[in-house]
Amino acid sequence: MDKFRMIFQFFQSNQESFMNGICGIMALASTQMYSAFDFNCPCLPHYNLAYGLGILLVPPFILFLLGFVLNNNISMLAEEWRRPQGRRGKDPAVLRYMFCSMAQRAMIAPAVWVSVTLLDGKCVTCAFCTSVPVETLGNASHPLLSQGEIQRLLAQIPCREIYNGQQLIANEVAVRYLRCISQALGWCFVLLMTTLAFLVRSLRPCFSQAAFLKSRYWSHYIDIERKLFDETCAEHARSFAKVCIQQFFEGMSTDLVAARCHLPRKAPADAGEAAEKLLGITDRGAMNMALKSWHRCKPPLHLHQPALPTGNGWAGEGQPPTHPSAPQKETAAYYSWV
């Protein structure tokens with residue numbers, strides 16, 4: 001149990017580790033799904049190809065979309081891409097990094113499915129059984145068989161219980177031939193995926209490591225900023241609800257006292273603390289304005305802002321700055337266009 005607890009804590013340490021764990025679970029789930037899947041080839045000339053290629057390609061596409069759905073960053077990417085320009089520019093390099101990161105993780109489960117399917121060989125055997133070279137492996141000069149009948153017999157190769165074309169080509173020979181081709185394709189696919197992953201991991205620091213670090217930093221910043229904003233909104237909502245409930249019960253107590261029902265009154269100890277957490281936003285319209293301003297004009301990434309922004313619906317609109325402007329120094333803002 002301690003090992004599982006450590007693994008679970010590692011997955012919860014940050015967003016990247018969590019998504020790596022989700023992708024690993026999906027990869028294991030894809031292999032279990034394929035092992036539990038009951039493969040039934042139709043053994044008909046016009047349906048074998050569609051069924052075999054469908055089993056080979058459709059589930060990976062579904063797993064790819066599922067990888068995007070389970071990734072929490074997809075909503076953050078869409079929000080960052082569609083938000084107005086406002087007071088903070090949008091960095092295409094950060095958006096590309098976020099999309100590529102999600103795509104790479106979402107491709108793990110489909111790659112595992114395709115690899116397992118090709119190494120097993122059932123899909124290729126079902127899809128391309130009518131393309132077996134009878135001239136090389138069987139008896140192409142078998143009498144009394146038209147081309148259509150030959151295709152019908154070859155389409156029954158995956159179904160050993162109904163295959164009756166042993167005089168044309170042996171079932172074991174055809175299945176072994178197609179399975180060898182499928183396994184060769186499977187190992188080539190695994191080698192190709194491994195080589196691409198190795199090249200991406202090894203050659204990326206040689207060309208654009210600085211741009212990659214900057215893009216990854218600001219991607220993590222956007223994720224952390226969104227989490228902190230959600231936590232701040234939740235804390236404000238909790239304080240707002242607490243003050244509203246306290247005011248409601250205080251009003252009810254006043255009404256009961258006025259009705260000559262003497263009840264003991266005790267001032268809540270945390271009323272002042274809850275009111276302080278409201279930060280001056282004490283009505284629905286002001287909160288809606290704050291949320292709309294956050295979406296339309298996020299604050300610039302500069303920690304030495306001399307005055308509150310004006311002209312965007314923020315507080316202090318139309319008022320002169322109260323502090324003299326100091327020499328600006330860029331310490332937090334950097335936008336990479338690589």
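Colleague: What makes the 14 residues a nonpolar core, and which of them touch the most other members?
Modeller: A nonpolar core is a set of buried Ala, Val, Leu, Ile, Met, Phe, Trp, Tyr and Cys residues joined through side-chain atoms within 4.5 Å, and in the largest one, of 14 residues, Phe68, Leu77, Val94 and Met98 touch the most other members. Two or more residues come from each of helix 4 (73-82), helix 5 (92-106) and helix 10, with helix 5 giving the most, seven residues. At least three residues come from each of domain 1 (1-207) and domain 2 (211-259), bounds that rest on an automatic or database domain assignment. The model is predicted, so local features need pLDDT of at least 70 and side-chain atom pairs pLDDT 80 or more, whereas totals for chains, interfaces and linings use all residues. Residues are numbered from 1 along each chain, and side-chain values use heavy atoms, without hydrogens and water.

Colleague: Why is Leu196 called partly exposed?
Modeller: Buried means under 20% relative accessible area and exposed over 50%, with a 1.4 Å probe and protein chains only; Leu196 has 42%, and is therefore partly exposed. Leu196 lies in helix 10 (residues 171-258), where a helix is a DSSP run (H or I) of at least four residues.

Colleague: How do you know that residues 181-200 are helix or strand?
Modeller: The span is 100% helix and 0% strand (a strand being an E run of at least two residues), and its end C-alpha atoms are 29 Å apart. UniProt, in an unreviewed entry, lists 181-200 among its "transmembrane region" residues, though such annotations may be inferred rather than shown by experiment.
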